[in-house]
Number of protein chains: 2
Amino acid sequence: MKDIKTYIEANKERFLNELFELIRIPSISAESEHKEDMVRCANKWKELLLAAGADKAEVMPTDGNPVVYGEKTIDPSKPTVLVYGHYDVMPVAPLDLWRTDPFEPVVKDGKIWARGADDDKGQSFMQAKAFEFMVKTNQLPCNVKFMLEGEEEIGSGSLYGFCEKNKALLKADTILVCDTSMIARDVPSITSGLRGLCYWEVEVTGANHDLHSGIYGGAVANPINVLCKMIADLHDADGHITIPGFYDDVLVISDEERALMAQAPFDLEKYKKELDIKEVRGEKGYSTKERTGIRPCLDVCGIWGGHTGEGSKTVLPSKAFAKISTRLVANQDYEKISKMFKDYFEAAAPDYVTVKVTPCHGGAAYVAPLDLAAYKAAEKAMETVYGKRPIPTRSGGSIPIVAGFEKILGIKSILMGFGLGSDDIHAPNENYPLEQFFNGIETIPYFYENFAKMSETIA
Amino acid sequence: MKDIKTYIEANKERFLNELFELIRIPSISAESEHKEDMVRCANKWKELLLAAGADKAEVMPTDGNPVVYGEKTIDPSKPTVLVYGHYDVMPVAPLDLWRTDPFEPVVKDGKIWARGADDDKGQSFMQAKAFEFMVKTNQLPCNVKFMLEGEEEIGSGSLYGFCEKNKALLKADTILVCDTSMIARDVPSITSGLRGLCYWEVEVTGANHDLHSGIYGGAVANPINVLCKMIADLHDADGHITIPGFYDDVLVISDEERALMAQAPFDLEKYKKELDIKEVRGEKGYSTKERTGIRPCLDVCGIWGGHTGEGSKTVLPSKAFAKISTRLVANQDYEKISKMFKDYFEAAAPDYVTVKVTPCHGGAAYVAPLDLAAYKAAEKAMETVYGKRPIPTRSGGSIPIVAGFEKILGIKSILMGFGLGSDDIHAPNENYPLEQFFNGIETIPYFYENFAKMSETIA
């Protein structure tokens, strides 16, 4: 890819300014008040794709937030890369922990600080700029399609239907996704597996209204205490999840594969220091990397009930709530797990309360085989830019739609992300190192080049 | 007490209008934004006392919200009744469960609906109007002092110091408090005991910032899950509190006294039906009434952490919080219990989190002997109006300052309240039946009459 470094150097400032315009739109999909921002953000992406060199681009309606679709065809006989990304971002609360305005990007200490700086505005924008470079310098070796959705952070609910309806439009040979992280800035890696996800909201009801904690305390069940007990009972002392049948479908990884995975550099002391924790905590019998890579887990993502404001109100509340999620691994069926938890948790309710479980979103786990042409194209591209062969890793995170693409479109995805563990995606002070941002733009064109060549060889 | 019924009948509308003016001031002591409302409410009380016939009334500063003091001396050789009440009210959240504006009182179905309608604006206002009646009809048989505080709902923090500083000013023979409930509208009762209280806020910290629940889930302790487990472990399967030493100082009630208490009418099926619960839940070996009357308890009054808003944010939070309270019984030292819980809960933290416990307010339990002259005066007054001898009951609630009065001023309090269990104090849709309101105004003058006579006899 001729002159890629020169092109990036010459356009650095413009790239950042364009990205910042995208970031400034608070496209939080989880909050309904941002409905209009979703549409604004989608339209901004349409403009960006046309300016970058797409033959056409459009904002396509779905049952929820729109999808931005764009394409450039150079030769129908050439292979096609489908780019997937998302323009929605996570909520920003608690706002008081942010050192800068989440929607006013700032460059400081070599990083971009803002919600979406990495996940996924920063990373998906790299794809647009790599595409722009290839078009403007007449080096585009494949046909390209772009698909950017606005519901990734809330489970991609509408994208499944969109894919079902647009199978022909989305026909491609591989999907390139930049929405994951590398092991470290000097340890390139490609995500070869993702965990699946199930998410529920639970509601525990005691008395039919809030009670005085003195008049009734000790005689009537407190739904907060009961919810705490029910949540505590979901794990045993060894950190295993106690729901009967939960682990039944988990594939047992061979000792050989575990040994291979264990070669990825990992410094437990540094990990603990960065998180400021004295000890890690997880399932007995597995290493920290295994606990997030090959084992499922269960976490309470939110809990609330009773008096949560200032002062000391003495109330015995009527209701308590929690948002509970599990991460699943390959071969666990998220729909089966979703029902399993609902049935189990509702049945576990003692007779002095009622419990309601509402399943929210979910998605299957995903594994990319390492001998796939597209995987090898990505591996070689990263090696060109980073000077080291990337390590395949299994991420603890979930991009449920990636398993959906495989199921609906029959296309495998390559998860070549440039984020770092310190980017604090989904948390206050999200950031993205400029080095990773520019390296990403540099790496992507080599992926296209390698993929086009390998496809020729295969053909 | 001549013409009391006629006086009430003639002034009903004015009484309600005056009370409503008091209720309209949102004097929520737990919320700092209402600081000015506290002062407005105190000044309104000063006006009310002067209009009712006090020789003097003033708003006296304390370290916190002011105390309203008023007095009328008819003859220094006569006994003195000190009236205690509070002008602060509880917070109103969740506002969407209120059927009417909490600070715009409405009369419907024979009840006043508003925050403070019962607790304690409605009940303390009865004392002012009973006093007005005795003054205006020249029937006041005792000297009277009024003391109304603005911090009862947050633990009366400043009133202890106020009492210490004003022992001479507050000198009296008994304290009359209308801030409790009767068993039922046709079952008069006097509260002969109150539970004490301890309240803490606890904070559990895992990692130093919110984490992505996929990247870290299963490998790093989730402070919500840990807090739930720690809370669950505070009770055993029989509903006993597990903190070592917690029950050490609890006085064991004799079988004879338990049998006497069991005579108070109580319909468990009706109780469950009113609360819409299938089963009650409490400490094994005790009846529902005993669980609130003679046994301590522990409740979570509030819990929060992680994502509590709309949508399904996948976060592994850094912190989780709870507000925890216990109700204590006679002979339990609340300062000892306060420290005991803090030490125990902090030490119980597993090494993968840190736990901080902040003690909030607390107070001792209280018992009024049934052979006290003032108790007998109240008993007889209620019998005059209700036609039945009131039953002595032990309330599960707490008015910690009542134990404080005994300790600091050396004066026993009489808890002659006219609330009902259905008044929903501390909850949405607080209400107070007009029948109870007017019966209270009618009963109080008889208390003064009886108390004056009994004091003469004793002297």
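The contact between chain A and chain B of this predicted model takes 81 residues from chain A and 82 residues from chain B, two residues being in contact if their C-beta atoms, placed from the backbone, lie within 7 Å. On the side of chain A that touches chain B, at least two residues each are supplied by β10 (211-212), α5 (223-232), α8 (288-293), β11 (297-306), β12 (315-316), β13 (319-328) and β14 (354-363) of chain A, where helices (H or I, at least four residues) and strands (E, at least two) are DSSP runs numbered from the N terminus. Of these elements, β11(A) gives the most, with 9 residues. By class, this side of chain A divides into 33 nonpolar, 30 polar and 18 charged residues; Ala, Val, Leu, Ile, Met, Phe, Trp, Tyr, Cys and Pro count as nonpolar, Asp, Glu, Lys and Arg as charged, and the others, Gly among them, as polar.

β11(A) also pairs with strand β11 (residues 297-306) of chain B, in the antiparallel sense and over 5 bridges, pairing requiring that DSSP find at least two bridges between two strands. A:G306 stands opposite B:G302 in β11(B).

Within chain A, an automatic or database domain assignment gives domain 1 (4-194 + 365-458) and domain 2 (196-250 + 296-360). The C-alpha centres of these two domains of chain A lie 35 Å apart, and their contact takes 7 residues from domain 1 and 7 residues from domain 2. The side of domain 1 of chain A that touches domain 2 of chain A has 4 nonpolar, 3 polar and no charged residues.

Residues are numbered from 1 along each chain as its sequence is written, and chains are lettered from A and ligands numbered from 1 in the order in which they are written. Because the model is predicted, local features need pLDDT of at least 70 and side-chain atom pairs count only at pLDDT 80 or more, whereas totals for chains, interfaces and linings use all residues.
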